[in-house]
Amino acid sequence: MSVVAGIRPHQFSSDKVFFHTRRLQEVLGGKVVMPSVYEISPVGYCTQKCVYCVSRGYQSRLHLTKSQMENIISQIAEVGGLAITFTGGGEPLLHPYLAGAIELASDKGLSIGLITNGAVRLSEQVVNTLVDHLSFCRISLDTIDKALYRQLRGVDTLSLVLKNIEALVRAKVRRGAQVLLGVQVVWVNQSHSDIEATIRYFLGAGVDFVQIRPVDNVPSDTGFYPPFYLKADEHFLRGLQERFSTSAFQVLLSADKWNEVFEGRLGKGYTGCPGANFTAAIGHDYRVYFCCTHIGNEAFYLGDLREAPLRKILLGSKRRTLIGHVEHSHCQNQCRNHVLNKIITSLQNMDDKMVQGIIATKASQPKPLHWEFL
């Protein structure tokens, strides 16, 4: 499921890891390295109750203090981090200092992304900060049908979300900002006509992309089952991409995920989580976790920033053990590091000459957008 010919590789490209050449070489040599990208959950609470939420079992009323946020950002810059994504846990825009944290991270030379449900009243000042300093802002909404939105996300806030998207688009144009503004559709039970209506709505709304991805399993919820996607669904998605993608607006498909779904290849098929060399998560409880979907899960807790610096925690034995032997039954089928894990495992099973040739070839090509975020 490729993007339109001639367009620079998009921000969901699976080739990003090849532009982290030094770290990749070290990982293939058996080392545990410091991450490139960090996911921060500023608050443990949310304005929504999405049916597919993987974090709901670990949400709380905790939130990072202003000084904790500042310390986290400073330490990430000091240990060679490249990017921060503010995400959940909870809804990051509920944190009163988020705009200040974004400005601080930008001042320290870090790239910043925001994943949000967009259902928070935003001041003009916050909107301006977001478009001025973010590399990307992705708003999850799934549908523009109010009744279906309420069914999927548990609240009646679609009008507010659409209003905020309009404000972000206006501010981006007014300020000549480079931020990529996008919308995410998680395909749960929406009809073809509903998904197409969502695409058509945003086609002329000034956003840069709509991403469509399959819903994943929720390991903590044995009563939630992803749907079965049909061959007709694959043809439908390809058609959407071909009909509506242009140089100014793209329908982006999580290609690796969809290919696994349609080819019946769901499952890990590898040992450990080598991709976690490149990523780490910091929770609203001021503790470091193996990955974002397990913030609050003691099995994936790496250390407390009140007790040890970030570098020491990330180079500790717990992270090394999880990278080599993590128990996948706790994880989503298509988790944060899944594509990275497949790529690294594949490289580990090749002879060194072939590996070096692949890395050299990939790294010589144009960098995907937001390559640093992996």
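Predicted model: local features only at pLDDT ≥ 70, side-chain atom pairs only at ≥ 80, totals over all residues.
Does Thr361 count as buried, exposed or partly exposed, and at what relative accessibility? Thr361 counts as partly exposed, because its relative accessibility is 46%. Buried means under 20% relative accessible area, exposed over 50%, and partly exposed in between, with a 1.4 Å probe and protein chains only. Thr361 is found in helix H13.

Residues are numbered from 1 along each chain as its sequence is written, and side-chain values use heavy atoms, with hydrogens and water left out. Helices (H or I, at least four residues) and strands (E, at least two) are DSSP runs, numbered from the N terminus.

The largest nonpolar core has 90 residues. Such a core is a set of buried Ala, Val, Leu, Ile, Met, Phe, Trp, Tyr and Cys residues joined through side-chain atoms within 4.5 Å. Helix H6 (residues 158–175) gives the most to this core, with eight residues. Phe86, Ile165 and Ile212 have the most contacts inside the core. Contact means heavy atoms within 4.5 Å. Leaving aside neighbours within four places in sequence, Phe86 touches residues including Ile40, Pro42, Met69, Ile73, Leu98 and Ala101. Another core, of 21 residues, lies apart from the largest one; Phe18, Leu24, Ile115 and Phe373 are among its members.

Next, the helix pairs. Two packed helices are described by the angle between their axes and the distance between the axes. Axes are lines fitted to C-alpha atoms, for helices over the stretch in contact, and angles run from 0 to 180 degrees between N-to-C directions. Angles under 35 degrees count as roughly parallel, over 145 as roughly antiparallel, 65 to 115 as roughly perpendicular and the rest as oblique.

Take H2 (residues 66–78) and H3 (residues 98–107). Their axes come within 10 Å and cross at roughly 20°. That makes H2 roughly parallel to H3. Met69, Glu70 and Ile73 of H2 meet Leu98, Ala101, Leu104 and Ala105 of H3. By class, this contact has six nonpolar, no polar and one charged residues. Here Ala, Val, Leu, Ile, Met, Phe, Trp, Tyr, Cys and Pro count as nonpolar, Asp, Glu, Lys and Arg as charged, and the others, Gly among them, as polar.

Helix H1 (residues 21–28) comes within 10 Å of H12, axis to axis, and crosses at roughly 60°. H1 and H12 are therefore oblique to each other. Leu24, Val27 and Leu28 of H1 make the contact with Ile344, Leu347 and Gln348 of H12.

H1 also packs with H13 (residues 352–363), at about 165° and with axes 12 Å apart. That makes H1 roughly antiparallel to H13. Thr21, Leu24, Gln25 and Leu28 of H1 meet Val355, Gln356, Ile359 and Ala363 of H13. This contact divides into five nonpolar, three polar and no charged residues.

Just after H9, Gly264 takes a positive phi of about 65°.
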